[in-house]
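Here is a short tour of a protein model, written for someone who would rather look at side chains than read tables. Keep the viewer open as you go.

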Amino acid sequence: MGDKPASTSGKYPLICDEGVMSKKKNGTTETPPLKPLRWGCDWDKANEICCYNRHYAEHSGYFMLTKWKDEVDKTKPTTYYDSVTGKPLFRAPVGRTFEEFLKESIAHGWPSFRDEEVIWDDMRCLKNGESVSLAGTHLGHNLPDKKGNRYCINLVSVAAMPPKEEGKEKEEGKGAK
């Protein structure tokens, strides 16, 4: 599957067991978030939300107070990486415009991803709807609506920098303003 989101087929979300979120060296993860984080996300807030939290979130609208809106590519999908592991978790927008993705995210207060925007290699939900990475990173929650699954995700949880290629950072996530 790699860097490609799965298509919507009614079999989502993929469920994992509570053991994924067991106590580890750094809260629910082995290591703290990577440094630096994209879009000027606060590292201390990321460590708290990703690794030492099971129920709370960055405050509603936090993502709009970061550099995300100015720096995210508005012409093609952006990949969002686990702030702890750097693994890809979401790619959006897929099947909708950036404006539709932004409108829905603003309406709900957090970046809001749909099934076709999830990279299922490392993202799961617990039975209670908590969205997590297989490394134990708390991401947010699945709050389904009439359109289907809606993953409301903390930006600090998916703000790792893109992998570098040939000593140069990928241009993904930067560009059209």
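## Around Met123

Once you set aside its neighbours within four places in sequence, Met123 is in contact with Leu89, Phe90, Val118, Ser131, Val132, Leu139 and Tyr151, where contact means heavy atoms within 4.5 Å. Apart from the core described next, there is another one of five residues, including Cys16, Met21, Leu126 and Val132.

Which residues have the most contacts inside the largest nonpolar core? They are Trp68, Tyr80, Phe90, Met123 and Tyr151, in a core of 32 residues. Helix 1 (43-51), helix 2 (62-65), strand 2 (88-92), helix 4 (98-108), strand 4 (123-125) and strand 7 (151-153) each give this core at least two residues, and helix 1 has the largest share, with four. A nonpolar core here is a set of buried Ala, Val, Leu, Ile, Met, Phe, Trp, Tyr and Cys residues joined through side-chain atoms within 4.5 Å. Buried means under 20% relative accessible area, exposed means over 50%, and partly exposed is in between (1.4 Å probe, protein chains only).

## The overall build

The protein has four helices and nine strands, in the order α-α-α-β-β-α-β-β-β-β-β-β-β from the N terminus. These are DSSP runs numbered from the N terminus, with helices being H or I of at least four residues and strands being E of at least two.

Of the 177 residues, 51% are buried. Among contacts with a separation of 6 or more, 68% are between residues 24 or more positions apart. The accessible surface is about 8,700 Å², with 53% of that belonging to carbon and sulfur atoms; the areas come from the Shrake-Rupley method with a 1.4 Å probe, and for residues only the protein chains shown count as cover.

## His141

His141 sits in strand 6 (residues 138-142).

Not counting residues up to four places away in sequence, His141 touches Arg54, His55, Gly129, Glu130, Ser131, Arg150, Tyr151 and Cys152. Glu130 is 11 residues from His141 along the chain, yet their C-alpha atoms are separated by 4.4 Å.

## The largest pocket

The largest pocket has a volume of about 190 Å³. Its lining is made of Gly95, Arg96, Glu100, Lys103, Glu104, Ala107, His108, Arg114, Glu116, Asp145 and Lys147. By class that gives one nonpolar, two polar and eight charged residues (Ala, Val, Leu, Ile, Met, Phe, Trp, Tyr, Cys and Pro count as nonpolar, Asp, Glu, Lys and Arg as charged, and the others, Gly among them, as polar).

A pocket is an open set of points on a 1 Å grid over the protein atoms alone, where a 1.4 Å probe fits and protein lies on both sides within 12 Å along at least five of seven lines; lining residues have an atom within 4 Å of a point. Grid points are joined across faces, edges and corners, and the volume is the space filled by probe spheres set on them.

Most residues other than glycine have a negative phi, and most peptide bonds are trans. The bond from Tyr12 to Pro13 is cis, with omega near 5°, and another cis bond joins Lys35 and Pro36, with omega about -10°. Trp39 is not a glycine, but has a positive phi of about 60°. Trp39 is in the segment before helix 1 and counts as buried, at 3% relative accessibility.

## Reading the numbers

Residues are numbered from 1 along each chain as its sequence is written, and side-chain values use heavy atoms, leaving out hydrogens and water. As this is a predicted model, local features need pLDDT of at least 70 and side-chain atom pairs count only at pLDDT 80 or more, while totals for chains, interfaces and linings use all residues.
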